[in-house]
2 protein chains.
Amino acid sequence: MWWSDDEWEALAAAEQCGMCADAHFLANEHSGLIATTDTSYVRLARNQHHAGYSLVILREHVVDMAELPPDQLSKFWGDAQRAARVIDAVFRSKKIDYLVMGHRMPHVHCHLLPQHAVDDPLRNVNIADGPTFLSSEEFDSAIAALQRAWESSEPPDR
Amino acid sequence: MWWSDDEWEALAAAEQCGMCADAHFLANEHSGLIATTDTSYVRLARNQHHAGYSLVILREHVVDMAELPPDQLSKFWGDAQRAARVIDAVFRSKKIDYLVMGHRMPHVHCHLLPQHAVDDPLRNVNIADGPTFLSSEEFDSAIAALQRAWESSEPPDR
């Protein structure tokens, strides 16, 4: 069964939102910060079972993508696209999946889940695959490589 | 293991693309046409296990979302957003997931997978849930309701 209305209201409330609380941190329990734009935070997930797995998180607390005004919607996807290109440049993935869900965390965000040579294309995608955690040196090094690629990438042209 | 380069090249070739072949049909094996825009086809999936499950399919054959120019990217997501609002209006879903994958069909498309009261928010999403097929009368009636809601909805303002 889906959340009750009371449960959903609590999850959706900005004051209690876990993403609003920590999406801007350099490092939090779930991820590390790659880049910041006017619209989004781009973060590398700690679970690197799919190497390069990252998130693009809207700065503003909005529960569903259907609510975004056109300019914010365009900028959010421009950020997601730039993040995808950067992940590809660093991790040479076969394909990137773009997954906007938010059942537990109803604050607009997109999971960028890279698929690599070892992945079965016919298997259902799952952001919980693994988990595989890097050493802190490896994680910091991945963040640094992504930051360099981000800085040398083109911002969305609009 | 992921597709070999030869397999991927064959899947990604426009001349052999299943979506290019039938995304514009009023009805095909997988879905029925709800609406057409300059950028996209909006279609209702035949598998209605998640009531309202629809697809937004880019008209042009492009393999990955990272390749879209800004204007086409914005219009594609404007169409997806309008489709989500229309699905909500007709099916009163709890949440809509937006899933861009394309492992078997590398032609940019977004699955709009509604979550309803009966769905467990903690379960991994799966577009293959079910399948549940409607009678042809029920399917046609759902298409008609979505078309009416589409016509009375606001096109993206940009």
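User: Two strands pair if DSSP finds at least two bridges between them. With that settled, in what order do the strands of the open sheet run?

Analyst: Before the order, a word on the model. It is predicted, so local features need pLDDT of at least 70 and side-chain atom pairs count only at pLDDT 80 or more, while totals for chains, interfaces and linings use all residues. Residues are numbered from 1 along each chain as its sequence is written, chains are lettered from A and ligands numbered from 1 in the order in which they are written, and side-chain values use heavy atoms, with hydrogens and water left out. Now the sheet: its 10 strands go β1(A)-β2(A)-β3(A)-β5(A)-β4(A)-β4(B)-β5(B)-β3(B)-β2(B)-β1(B), with antiparallel pairing. Strands (E, at least two residues) and helices (H or I, at least four) are DSSP runs numbered from the N terminus.

User: Which are the edge strands?

Analyst: They are β1 (31-36) of chain A and β1 (31-36) of chain B, each of which pairs on one side only. Neighbouring strands in this sheet are turned by 25° against each other on average, direction ignored. Axes here are lines fitted to C-alpha atoms (for helices, over the stretch in contact), and angles run from 0 to 180 degrees between N-to-C directions.

User: How many bridges join β1(B) to β2 of chain B?

Analyst: There are 5, and the two strands run antiparallel. In β2(B), V42(B) is the bridge partner of A35(B). On to the next pair: β2(B) and β3(B) are also antiparallel, over 5 bridges, and L44(B) stands opposite S54(B).

User: What stands opposite S54(B) in β5(B)?

Analyst: That is L112(B). β3(B) and β5 (residues 109-115) of chain B run antiparallel, joined by 4 bridges.

User: Is β3(B) buried or exposed?

Analyst: Buried: 5 of the 5 residues in β3 (residues 54-58) of chain B are, so the strand is largely enclosed by the rest of the structure. Buried means under 20% relative accessible area, exposed over 50%, and partly exposed in between (1.4 Å probe, protein chains only). S54(B), V56(B) and L58(B) point one way, L55(B) and I57(B) the other. In a regular strand the side chains alternate between the two faces of the sheet.

User: Changing topic, which residues of α4(A) are buried?

Analyst: F139(A), A142(A), I143(A), L146(A), A149(A) and W150(A). They sit on the same side of α4(A) because they cover an arc of only 125° around the axis, the arc being that of the directions from the helix axis to the C-beta atoms. The face turned away from them carries the exposed E137(A), D140(A), R148(A) and E151(A).

User: And what do the buried residues of α4(A) pack against?

Analyst: Against β1, β2 (40-45) and α3 (70-91) of chain A, where contact means heavy atoms within 4.5 Å.

User: How many residues from each chain does the contact take?

Analyst: Chain B gives 43 residues and chain A gives 43. The area buried between them is about 4100 Å², with 55% from carbon and sulfur atoms. Buried area is the accessible area (1.4 Å probe) that two parts lose on being put together, summed over both. W2(B), K95(B) and P121(B) supply 17% of what chain B buries against chain A, more than any other three residues.

User: Last one: where is F25(B) found?

Analyst: In the loop between α2 (18-22) and β1 of chain B. F25(B) counts as partly exposed, at 38% relative accessibility. Leaving aside neighbours within four places in sequence, F25(B) is in contact with L33(B) and R43(B).
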